[in-house]
2 protein chains.
Amino acid sequence: MSSADALETVLSAGGGDLARGLQSTEARLAEVAEGHGAELGRHATGTLAAGGKRLRPVLVFLCGGTGEGLLRAAVAVELLHMASLVHDDVLDGASLRRGVPTVFASGGRGAAVATGDLLFSRAFAELRRTSSEPAVAALSEASSALARGELVQRADAWSDSVSAERYLQRCELKTASLFAASARLGALLGDDSTPRDADALASFGRRMGLAFQILDDVLDVSGPPERTGKHRGTDLLDGTVTLPLILARGRDPELAGMDLRALVSSPEQAGAVCDRIARTGALEAAREEAHDHVAEAKASLSGLDLPESRRQALELVADGVVERYA
Amino acid sequence: MSSADALETVLSAGGGDLARGLQSTEARLAEVAEGHGAELGRHATGTLAAGGKRLRPVLVFLCGGTGEGLLRAAVAVELLHMASLVHDDVLDGASLRRGVPTVFASGGRGAAVATGDLLFSRAFAELRRTSSEPAVAALSEASSALARGELVQRADAWSDSVSAERYLQRCELKTASLFAASARLGALLGDDSTPRDADALASFGRRMGLAFQILDDVLDVSGPPERTGKHRGTDLLDGTVTLPLILARGRDPELAGMDLRALVSSPEQAGAVCDRIARTGALEAAREEAHDHVAEAKASLSGLDLPESRRQALELVADGVVERYA
């Protein structure tokens, strides 16, 4: 199943509420980009229009069903996600994202830091209108986690002693926290949720986020470049130690003893290290771990009193994380 | 009166509540810096310990009097202020602030962007505990304004056509908005305030912020370096067009016709342009405008039912903005 087909299936399983919710989300995101001065408009419109899968808003709507605050929450989590992407592009000096010039490339470092800050602020401005203190709490915890994840990643760069546990902790912070918050916001602001739902749905989002990040890291090693749009081993080149390398180091003692900085200084060398990682079987092992998280995600839905169409749609979204990388 | 003496006077006019509030603010800021992972602690502790005047928390406490949420608000506005400083240092490539190495200098660009993001997030995490939706609204509007101000400043860099109105709009965004929000938060969360107080006190904060920024910009031109700790004309060197230059351009046609980029490429040249600006009388005119804002700030207190000690303390704080630059 292609990912476009998968989205169609989710939309139909999620019912008209999801499709309408996502349309309103797009419209509101465009309003935010245009409503805060010409300077933001110039930089943010491109970033917003470049789209993306809107996975986090999908989680909000599917976990919430119907409810007045859901649109605010969907817009807020996407704004926060975009703010973090804009800042990541500053750190990585990235010039393209989703085929569109980054704010960093078109406006420079200053404009990109400020644009990220503004998108960030607008996320809170959007969500506070729900007047839900637990909702603002969930967003501020997630946004703290994103920033902490970035700090941990910087601190661990080029390290030869990052454990799988430490790696997973970083995935929790950088990725799973916002997926979990999206699901929790849906539960908090949906008309038909109970407090118990919020924890179970957050757990669903968290597991899905972990799988998402692990598979993204596998793809960086496996390629192929024609599919990913970038050469293999970009993580190796900037010193980011991910699960495939950690597992491969445990299986290939010679690889474990090598200094990453000395080993990888060109895309060609990075490709060679990727091949070496792949030969250890580490990619299969990492994929298996991701699949376990997807299974756990789906298991956390059991016992919830969700309408069958929304449960199915959530399961499809979780499976979609795997499909995307299949 | 030295600024240390002035603070003493304010503290005694503000009563024990202010002194206790500021002590608790320091303690809580230290907790925040230490409570979010070793990575934040390493970078933020220095920034926090470097101190500063804590003018924004002072506004919160003096405008609020007593109230459970005031400490949260004081910590939140200072965290937001620090987040913006950490990001500003990335944009300016600054290596020292208040005599202490910046996060940018000690940790690099990545650590500084992420540290700013984290301080930013903690500001919202702190304030949402007040469960006051208008309070979160005030903070998110101020934080949006800070980022917009930065974008406007970037957009206007090196321009030969920045008007005084445009300059003041930028000061509103970059500086006055957070002073206004600090005063408003005090009013919103103080035990004895009314909605009318909130607008008048926000207006006080706004005017004080405008004066603060204008005088800061005058000082960049006037020096002397022994007092400011930096050479004159740093704004000129990075293309930031401020009120002294705008006014001088109106008084010295030759200066108006000159391209700033061609004119200023070394600290020595910047010093010469500063002298030329000073000869037009623009510094006195800009100072006068700042003094007018201080007078307006104090006028907005009239008619408020404030305890006399707090009114006096607020007037002292406003005068302190001028004293600082006298």
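How many C-beta neighbours does Trp158(B) have inside 10 Å, and does that count as buried or partly exposed? Trp158(B) has 14 such neighbours, so it counts as partly exposed. The cut-offs are these: a residue is buried with 20 or more other C-beta atoms within 10 Å of its own, exposed with 12 or fewer, and partly exposed in between, the C-beta atoms being placed from the backbone.

This is a predicted model, in which local features need pLDDT of at least 70, side-chain atom pairs count only at pLDDT 80 or more, and totals for chains, interfaces and linings use all residues. Residues are numbered from 1 along each chain as its sequence is written, while chains are lettered from A and ligands numbered from 1 in the order in which they are written.

Take chain A as a whole. It has 16 helices and 2 strands. Helices (H or I, at least four residues) and strands (E, at least two) are DSSP runs, numbered from the N terminus. The radius of gyration of chain A is 20 Å, close to the 20 Å of the globule rule for 326 residues, so the chain is as compact as a globular protein of that length. That radius is taken over C-alpha atoms, and the rule is 2.2 Å times the number of residues to the power 0.38. Along the principal axes, the C-alpha atoms fill a box of roughly 55 × 50 × 35 Å. Of the 326 residues, 54% count as buried. Two residues are in contact if their C-beta atoms, placed from the backbone, lie within 7 Å. Among contacts in chain A between residues at least 6 apart in sequence, 75% join residues at least 24 apart.

Now look at helix H5 (residues 103–127) of chain A. H5(A) has 25 residues, yet its end C-alpha atoms are only 24 Å apart. A straight helix would reach 36 Å at 1.5 Å a residue; the expected span is 1.5 Å times one less than the number of residues. H5(A) bends by about 105° at Arg109(A). The bend is the angle between axes fitted to the seven residues ending there and the seven starting there. H5(A) is also mostly covered, with 21 of its 25 residues buried.

How do the two chains meet? The contact takes 36 residues from chain B and 36 residues from chain A. On the side of chain B that touches chain A, the elements giving two or more residues are helix H2 (37–49), H4, helix H5 (103–127) and helix H6 (133–156). H6(B) gives the most, with 14 residues. A rotation of 180° with 0.0 Å of shift along its axis superposes chain B on chain A, with an RMSD of 0.0 Å. The two copies are thus related as by a two-fold rotation axis. Copies are superposed by least squares on the C-alpha atoms of residues with pLDDT of at least 70 in both.

Some loops of chain B deserve a look. Trp158(B), from the opening, sits in the loop between H6 and helix H7 (164–189). Its phi is near 70°, a positive value in a residue other than glycine. Ser131(B) lies in the loop between H5 and H6. Ser131(B) has a positive phi of about 55°, although it is not a glycine. A cis peptide bond joins Gly223(B) and Pro224(B), with omega about -5°.
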